[in-house]
Amino acid sequence: MTELLTNYAAGRWQAGTGNGTPLFDPVLGHALVRVDSTGLDLAEAFSFARQQGGAALRALTYRERAALLAAIVKVLLANRDAYYEIATANAGTVKNDSGVDIDGAIFTLGQYAKWGDALGDVRALRDGDAARLGKDPAFQSQHLSVPTQGVALCINAFNFPSWGLWEKAAPALLSGVPVIAKPATATAWLTQRMVKDVVDAGVLPAGALSVIAGSSAGLMDQLQPFDVVSFTGSAETAGIIRSHPAVAQRSVRANIEADSLNSALLLPGEAPGSEAFDLLVREVVREMTVKSGQKCTAIRRILVPAAVYDAAAEAIGAKLAGISVGNPRNDSVRMGALVSRAQLASVREGLATLQAHAQVLYDGRDRPLVDADPAVAACIGPVLLGARDADAAQAVHDVEVFGPVATLLPYRDSAHAIALAHRGQGSLVTSLYGSDETALAQTALAVAASHGRVHVVTPDVAQAHSGHGNVMPMSQHGGPGRAGGGAELGGLRALAFYHQRTAVQASPGVLAALGL
Ligand code: NAP
């Protein structure tokens, strides 16, 4: 039997009482460890976090809590090698792709430690200036924010077991709100190990951080009015969260990051071989292949002027042909596995759906895998699809294939391109490629309403830009509509979700005594 990972709840390590669910190596196929949360006293876990963890965190100032984040960074850096090993084994990712998850998390924590330190030794945040409530300045209104007095239940998707944990926990802990992390089962090992290292290092107050690795059953039922739930995952599960009585009736605040049909758009007038054209090709290939396309921000739809459709297909296909796929332990491999055979089946199914509306322009499925058995490994080569009638191909605007798959779509003119970008019904990100600054700025404004982030790539930022799919803590992550309607990160903006904003109406003397 493989090792059974324990849960950290109510300030102690607790094993589930069931047989456990095995986690697998998606390349070699064998079981690695098991997770189980059967029999946990969830009511005790939530009230311990709420009362002990919350009180201890709120007793500290923002600067002191920022120091806790800096201490977490040190613990994670000291154990970084072990995290890479777990990622290779349980996620089947090549080193660079593991880095996006592991080092991306450490970077994000470090940024919040820095920003939190600058907030200083205060326990409430001032929100704007006081405003007179009448002609007489004797009575005024001052907005301020205080930490919510509940727990943050952080439910994560399988594709970012490290970054997904810390990009939520960093702003929550900095805000003074204890975290209960629920990793996706398939890749829960890395999350559990990181929490274990942080708990063992004793850097956080009791109850500040818990992990429940196992079933999600019953978690939402524990939520009370001042708790919050931060969810990342599929649109289907998002629907369950939204309609749960905790959210629908008890007004538990919910942030939802769901799936997204992100796009990349080459502006009109950029010919094949131009710098902008080449930058689009490079970014599309990177986005299709990093983490085998299992990124919520990955480019799924590539919008190009109709005149360059064939040239774009050829250029992207030629670069994809250079991507070796297989066992991430082999240094020649550029792209590892999907997270599981179930995901492989889901990608194949999604491809079949899209192929009914699109042609295959490049097919990496025919290529042999490196050091991996196709009957066992959850590996698949990249596939570029294309639909000459972008308007008619409804499925490509609807179906997110969570793997190394994207669809090339031609547009007639700028207005058509913008309309196609909006067809995603709300996306996390779109990237624009061009050299005309005015046209790029106008397009950025035109697509902003349906996107959480617009990433503009011009030749002068070819080396400097942070990447279409890279979620940087300085920028907002989240999009409207189909993308879930959430907003995470964006620097200190992320703290708003974990705070209650209150207007205090009083005399200037009382307002001054608030010490903000
Ligand atoms: P999922 O199946 O929806 O699962 C997400 C999480 O929800 C997992 O931790 C899962 O636990 C948990 N869960 C399942 N049923 C639940 C319930 N009834 N109540 C509470 N929690 C429940 O999604 P996934 O397959 O892990 O992730 C893939 C999807 O996530 C893709 O569609 C992708 O686009 C999206 N995603 C979005 C973002 C973003 O930031 N917008 C980032 C990454 C991924 P179990 O694993 O134990 O079932």
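I take buried to mean under 20% relative accessible area. The model I am reading is predicted.

**Cysteines.** I looked up Cys 296 and found a relative accessible area of 13%, so Cys 296 counts as buried. I then checked Cys 379, which has a relative accessible area of 7% and is therefore buried as well. I also looked for disulfides, and the structure holds 0.

**Ligand shell.** Next I asked how many residues surround the ligand. I got 26, and the closest are Asn 156, Thr 185, Ser 234, Thr 237 and His 477. I sorted the shell by class and noted 12 nonpolar, 10 polar and 4 charged residues.

**Where the shell comes from.** I traced the shell to secondary structure: strand E11 (228-232) and helix H7 (235-243) supply at least two residues each. Which element gives the largest share? I wrote down H7, with 3 residues. At the domain level, I found at least three shell residues from domain 1 (43-258 + 488-513) and at least three from domain 2 (262-472).

**Polar atoms at the ligand.** An N or O atom in the side chain of Lys 182 sits 2.8 Å from an oxygen atom of the ligand. For Phe 158 I noted a polar backbone atom 3.1 Å from a ligand oxygen. At Ala 258 I found a backbone N or O atom 2.9 Å from a nitrogen atom of the ligand. Last, I looked up the cover: on its own the ligand has 920 Å² of accessible area, and the protein covers 83% of this.

Terms used
Residues numbered from 1 in each chain as written. Predicted model: local features only at pLDDT ≥ 70, side-chain atom pairs only at ≥ 80, totals over all residues. Heavy atoms only, no water. Near = heavy atom within 4 Å. Polar contact = N/O pair within 3.5 Å; in protein donor to acceptor, adjacent residues only side chain to side chain. Areas by Shrake-Rupley, 256 points an atom, 1.4 Å probe, with all protein chains shown as cover. Helix = DSSP H or I, 4+ residues; strand = E, 2+ residues; numbered from the N terminus. Nonpolar A, V, L, I, M, F, W, Y, C, P; charged D, E, K, R; others polar. Domains from an automatic or database assignment. Disulfide = S-S within 2.5 Å. Buried < 20%, exposed > 50% of the residue type's maximum accessible area, 1.4 Å probe, protein only.
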